[in-house]
Amino acid sequence: MTENATRCGFVALIGAPNAGKSTITNNFVGSKVSIVSPKVQTTRTTVKGIGIFENTQIIFLDTPGIFKPKRRLDRAMVASAWDGSKDADIVVLVVDAKKGFDEETKAIINGLKKKNTKAVLLINKVDLVKEKDLLSLSKELNDFYKFEETFFVSATNGKNIEEFYKYLADNLPESPWYYPEEQMSDMPLKLLAAEIVREKMFLYLQHEIPYATTVEPELWERRDDGSIRAEMTIYVERDSQKVIVLGKGGAMIKKIGQAARREIEDLFEDKVHLFLFVKVRENWQEDAGRYNVWGLDFRA
């Protein structure tokens, strides 16, 4: 590498749902660019998280969790995850140390084998597992597939994460940076705000309700006083779901809206006037327009 030259490249994070891909992305960027929830299958489209480590610009591709799809939306999410890995400079398989080498992870590794894709292994949530069990898990995974490198990290508390970033920075190609130094994501602000609303729905709504919803920005307008007026529509599939999202006397939608507004204001450092509307669209998961908003392939 020439002296003072910069590096830049794409790093695809793939793995089963809830392995910690979004937490890793947010940790590196130092700000929320991808929503996080204890529930699985929260991320629906590939999110770019952009940051600088030493002289390298690393562009994380936080992909949806890979699982066995049942519905059209599931298929589109899984296709988005594999597409994210296709053109990446480095592919990283993120494995939940507590879940171990389960069937979902085995299926993903078989997918890597089929595509003849080299990958780095990142075992996450190591703070929840004994060291001897981590070593056994690493051996089992590396016996099944020859990974380029193996890292043991905790994205939540940052354990060993710098070592992982250093490896990426040293192994991405020599190149000018693709994005301005201060840019953290290429996701439009209104879509990131809509994702934050959806995150709060995962937080406050139980069971399958959040999976049956989508949030779309209808208006994102900068007002004369510098504040932002944001209008978003939450689509649900049935009237019974609309009742639950609204809550008694509108209490639930108010709770979701207040929590989302506070986080959006903190993130954007702007005053935000957030208005949420709930509409029933029975077959929104079969509507190609909904997929286009999020860059998902309706035909997957």
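The mean positions of the 44 positive and 45 negative charges of the protein lie 7 Å apart. The model described here is predicted. Its secondary structure consists of 9 helices and 9 strands. The radius of gyration is 20 Å, close to the 19 Å that the globule rule gives for 300 residues, so the protein is as compact as a globular protein of that length.

**Overall dimensions and surface**

- Along the principal axes, the C-alpha atoms of the protein fill a box of roughly 55 × 45 × 40 Å.
- The accessible surface of the protein amounts to about 14500 Å², and carbon and sulfur atoms account for 48% of this area.
- Of the 300 residues, 53% count as buried.
- Among contacts between residues at least 6 apart in sequence, 71% join residues at least 24 apart.

**Strand E3 and its burial**

- Strand E3 spans residues 56–62 and is mostly covered, with 7 of its 7 residues buried.
- In a regular strand, side chains alternate between the two faces of the sheet.
- In E3 both faces are covered: one side carries Thr56, Ile58, Phe60 and Asp62, the other carries Gln57, Ile59 and Leu61, and all of these residues are buried.

**Strand partners of E3**

- Strand E1 (residues 7–15) runs parallel to E3, and 7 bridges join the two strands.
- Within the pairing of E1 and E3, Gly9 stands opposite Ile58 of E3; Ile58 is also one of the buried residues listed above.
- Strand E2 (residues 47–53) pairs with E3 in the antiparallel sense, over 7 bridges.
- Lys48 has Leu61 as its bridge partner in E3, and Leu61 is buried on the side of E3 that also carries Gln57 and Ile59.
- The hairpin of E2 and E3 has 2 residues between the strands, and Glu54 in this hairpin takes a positive phi near 55°.

**Leu137 in helix H4**

- Leu137 is located in helix H4, which covers residues 131–144.
- Leu137 counts as buried because its relative accessibility is 6%, where the cut-off for burial is under 20%.
- Leaving aside neighbours within four places in sequence, Leu137 is in contact with Ala97, Gly100, Phe101 and Ile123.
- Leu137 and Ala97, one of these contact pairs, are 40 residues apart in sequence, while their C-alpha atoms are 7.7 Å apart in space.

Key:
Residues are numbered from 1 along each chain as its sequence is written. This is a predicted model: local features need pLDDT of at least 70, side-chain atom pairs count only at pLDDT 80 or more; totals for chains, interfaces and linings use all residues. Side-chain values use heavy atoms; hydrogens and water are left out. Helices (H or I, at least four residues) and strands (E, at least two) are DSSP runs, numbered from the N terminus. The radius of gyration is taken over C-alpha atoms; the globule rule is 2.2 Å times the number of residues to the power 0.38. Buried means under 20% relative accessible area, exposed over 50%, partly exposed in between (1.4 Å probe, protein chains only). Contact means heavy atoms within 4.5 Å. Accessible areas come from the Shrake-Rupley method with a 1.4 Å probe; for residues, only the protein chains shown count as cover. Lys and Arg count as positive and Asp and Glu as negative; His and the chain ends are not counted. The place of a charge is taken as NZ of Lys, CZ of Arg, CG of Asp or CD of Glu. Two strands pair if DSSP finds at least two bridges between them.
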